[in-house]
Structures are given as structure tokens and as C-alpha cells.
Amino acid sequence: MNETLDRWTTRRAFILAVTGAAVGLGNIWRFPYMTGENGGSAFLLLYVAFVLLLGLPVMMAEILVGRAGRRSPSQSLAHLAMSAGRSPHWRWLGLFGALTVFLILSFYSVVSGWSIEYLIEALNGDFVALTPPEVGGMFDSFLADPLRMTFNHTVFMLLTMAVVAGGVSNGLEKLNNLLMPMLYLLLIVLAGYAATTDGFGPALAWLFTPNPAAITVEVVLNAMGHAFFTLAVGACALMAYGAYMPDHQSLPRAAVAVASLDVLVALLAGIAIFSVVFSQGMDPAEGPGLMFVTLPIAFAELPGGSVWLAIFFLLLLLATWTSSINLAEPMVAGLQGLGLKRGQAAAIVGVSVWALGLLSVLSFSTMKDVDWIGGMNFFELVTTIPTDLFLPVGGLLIAIFAAWVMSRDTALRALDAGPNGFRVWQFLVRYVSIPLVVVVLASGLI
Ligand code: PHE
Ligand code: NA
């Protein structure tokens with residue numbers, strides 16, 4: 001714990017750690033396919049609105065609680081509640097967060113495993129000279145192979161838990177900070193290349209021409225869930241990081257920096273991917289495979305395509321690795337709070353998440369048509385409910401806690417944005433974010 005404290009004593013280091021948690025599959029894999037399935041510009045507009053009105057203020061609330069408590073999420077919640085004369089039962093919110101990240105990490109690892117597969121295939125030159133339908137066929141046959149998928153999922157879980165157990169995230173973070181700009185650069189190059197294709201105009205139109213007719217309750221719910229997911233907000237995962245935030249750093253400024261970068265990365269990925277979709281006449285609503293069938297096609301057009309494709313998946317893997325470490329952290333911290341050693345806690349978390357992930361693996365083959373609830377197979381269920389329901393509910397409770405429950409002075413100090421900044425934040429959380437989540441969730445339930 002102390003190592004971590006030392007590690008983040010600079011402001012920059014804290015922002016980079018939170019960026020590591022935020023930027024991941026949510027931006028490059030989930031954002032494009034959700035946009036494709038939810039009416040394009042309608043989804044994008046709502047998602048940006050939710051980032052501004054909900055994601056950002058609640059992200060500040062979440063980090064603020066961790067920073068004020070300087071303990072694990074559950075302990076911080078209980079401690080701050082009691083010092084404000086409120087019930088220590090708030091600690092259960094930390095447990096709810098742990099349940100949420102448990103479910104999310106189980107599929108996050110499986111999908112990150114797809115990147116491992118693609119990295120290996122790209123290095124093998126397997127994508128060279130493939131036609132777009134052949135790329136799709138290759139992806140489908142990979143999904144239909146539970147053993148290969150399990151192998152990659154296992155490798156990814158081992159990578160994650162090794163870092164979490166060994167506390168070597170210091171080194172990984174340094175590597176990440178060095179290499180992430182390259183991922184952004186590669187996305188800029190891809191988007192730049194996309195600008196030279198016929199699909200570029202239609203892609204921009206699909207993303208940016210207002211289309212209010214496409215807005216449905218489902219699209220609104222999905223956009224809200226995605227705003228939480230992509231910013232890593234609502235599961236007390238950032239709360240755990242907030243505990244290590246240095247003194248004398250404006251929390252709003254840090255949050256705005258992270259969120260802007262997060263949105264920018266998603267936009268670049270979206271532009272690159274939808275340009276391929278429209279120049280190839282593909283279906284934007286292709287689903288979770290969207291990125292995996294479009295990017296090999298895009299890279300194939302570039303000189304040295306296979307090498308760049310391999311580099312891209314390597315960088316994406318690094319990005320998802322730092323996110324998965326953040327996903328695992330609240331569970332490991334929670335078990336440590338119950339008296340387990342860090343290594344034991346990591347082993348228990350790793351094995352249980354891995355086992356649950358097998359259900360996602362099988363959702364593409366033997367369990368594809370098993371209806372868990374509402375016609376969804378397991379993968380569809382686990383990629384929907386925790387994100388669209390649990391993260392907003394968790395975020396709502398965190399917001400209530402920070403803006404109504406804990407003491408005003410403690411919150412004011414932890415936000416570190418002066419009395420006026422605090423007033424703006426508190427007003428936003430109390431009268432915009434909280435009612436907005438309630439209204440959207442309520443209309444979703446009806
Ligand atoms: N924000 C991460 C991403 O976009 C996912 C994540 C969700 C991480 C919740 C931590 C907590 O990939
Ligand atoms: Na993200």
C-alpha cells in the first residue's frame with residue numbers, strides 16, 4: 001500500500017493511473033459497436049451528454065470519497081459515514097461495487113483474450129491478402145472454438161492477477177505511459193487513412209448528423225450505462241485509486257483531463273471503424289465483433305499492414321490490462337480487508353472470475369442459444385446488466401453519499417477546487433446528476 005502511496009505523489013502520475021483505468025475496451029471495442037447498434041449519432045450525442053452531466057460529476061464524487069477516506073472503498077464509506085453521524089451500513093456499497101466489477105471483469109478478460117488471439121494471428125501473417133468476408137469468417141471460426149478462446153482468456157487472467165498479486169503495477173504503468181501515446185497516434189493515423197476512403201463521408205454522417213428519431217428508452221439506457229463504463233465510474237474502482245490521490249491537486253481538473261482523452265479515443269476509433277463499415281457495405285449493427293472484423297480490413301490497406309495490426313493489438317492489450325487491474329482492485333482490497341493476504345486474495349478473485357468467464361466463452365458456441373433472461377445468452381446478459389443497471393445504481397449511491405451524506409467540509413477539502421468550485425460541483429450532483437439517473441433508470445424499468 002505504501003509503495004502505491006509513494007508512486008502517485010505526483011499529480012501527473014495520478015492522472016495517468018486513472019487514464020489507465022478509463023481507456024480500454026470501452027473506447028475501442030464497446031463504443032463503436034454500441035453506437036452501431038443504437039442508431040449512430042443519437043447514441044453518440046446522448047453518451048457525450050451523459051459524460052458531461054453524469055460521468056464527470058460522479059467520477060469526481062467517487063474519487064473524492066476515496067481521497068477523503070484514504071482507505072479501501074468499504075472502509076472509507078463506513079468511516080466517512082460514521083464521522084458524519086450516519087450509518088456505517090454504507091460500507092455495503094463497496095461490496096456492491098465488488099460484485100459489479102466481478103461480473104464485468106469476467107467478460108472483459110474474455111474479450112481482451114480476443115486481442116491476444118489477433119496479436120498472434122497478425123504476427124503469423126494470417127490476415128495477409130484476406131478478403132473482408134474471409135476476415136469475418138476467421139473471426140467466426142475463432143468464436144466457435146471454445147478451447148482457443150479459453151486459452152486466451154486464461155492468459156489474460158494470469159497477466160492481470162500476476163500484476164495485482166505481485167504489486168508490480170509500477171513497472172506496467174511506466175510501460176503503459178510510454179506506449180499509450182503510440183496507441184493514440186496509431187488511431188489518428190487510422191482515422192487519417194479513413195479520411196481517404198469512400199466510407200469516411202457516410203461514417204461522419206452516421207456519427208454526427210442529428211437523428212432524434214432514433215432515440216428510444218433503450219438507447220438512452222445504453223448511452224447512460226456506457227458513459228459510466230467507459231469512465232470506469234460506479235463500481236468503487238476509482239474510489240480505490242482516489243485513496244492514493246496526492247494532496248493539493250484539483251480533482252475536477254484531473255477528471256476533465258481523463259474524460260476528454262477518453263471521449264477523444266472513442267471518437268477516433270469510431271471514425272476509423274465506421275469508415276470501414278461504410279466503404280465495405282457492412283452492417284453498423286454487426287455487434288461485439290465489429291472492431292475485430294473491421295480493423296484487419298483497414299490495416300490491410302496500409303503499407304506493412306500486418307506489422308501495424310500486431311502493434312495495434314499489442315497496444316490495445318496494454319490498455320485493457322491496466323483497466324482490468326483497476327477492475328480487480330476493489331475485490332482484492334475487499335478480501336484483504338477480511339484478513340486475507342494479498343496473494344491469496346488475488347488467487348481467489350482470479351480463479352472465480354476466470355470460472356465465470358467460461359460462461360462467456362461458451363456463449364459463442366455450445367451455450368449460444370441458452371436463454372438466461374429476456375432472450376439473452378450469458379454473454380449478452382453479463383455485458384448488459386452490470387453496465388446498464390449496476391454501474392448507474394452504484395454511481396447514484398456514490399453521488400448521494402458524496403453530496404448528501406458525508407460532511408460538507410470533508411468533501412470540500414477532498415474536491416480541492418475552492419469553495420466556488422465545490423458549490424458548482426455539489427449543485428450539479430444534487431440537482432442534475434442524481435435526478436437524471438433516477439429518471440432514466442425509472443423510465444427503463446417501466
Ligand atoms: N473504463 C474501462 C474501459 O473503458 C472499463 C472499466 C469499467 C474499468 C469499470 C473499471 C471499472 O475499458
Ligand atoms: Na473507457
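Leaving aside its neighbours within four places in sequence, which residues is A298 in contact with? Two residues are in contact if their C-beta atoms, placed from the backbone, lie within 7 Å. By that test, A298 touches L190, Y193, A272 and V276. The model here is predicted, so local features need pLDDT of at least 70 and side-chain atom pairs count only at pLDDT 80 or more, while totals for chains, interfaces and linings use all residues. Residues are numbered from 1 along each chain as its sequence is written, and chains are lettered from A and ligands numbered from 1 in the order in which they are written.

A298 sits in helix α14 (residues 290–300). Helices (H or I, at least four residues) and strands (E, at least two) are DSSP runs, numbered from the N terminus. A298 has 24 C-beta neighbours inside 10 Å, so it counts as buried; the cut-off for buried is 20 or more other C-beta atoms within 10 Å, with 12 or fewer for exposed and partly exposed in between, all with C-beta atoms placed from the backbone.

What about the protein as a whole? It has 19 helices and 0 strands. Its radius of gyration is 21 Å, close to the 22 Å that the globule rule gives for 446 residues, so it is as compact as a globular protein of that length. That radius is taken over C-alpha atoms, and the rule is 2.2 Å times the number of residues to the power 0.38. Buried residues make up 53% of the 446. Of the contacts between residues at least 6 apart in sequence, 83% join residues at least 24 apart.

Now for helix α8 (residues 146–166). At 1.5 Å a residue, its 21 residues should span 30 Å, and its end C-alpha atoms are 29 Å apart, which agrees; the expected span is 1.5 Å times one less than the number of residues. Among the buried residues of α8 are M149, H153, F156 and T160. Seen down the axis, the buried residues of α8 fall within an arc of 160°, so they line one face of the helix. The face turned away from that buried side carries the exposed residues L147 and G166.

Finally, ligand 1 is surrounded by 16 residues, and the closest are G24, L25, G26, A232 and A237. Helices supplying at least two residues each to this shell include α2 (11–22) and α6 (92–123).

Notes:
A residue is near a molecule or strand if its C-beta atom, placed from the backbone, lies within 6 Å of it. The arc is that of the directions from the helix axis to the C-beta atoms.
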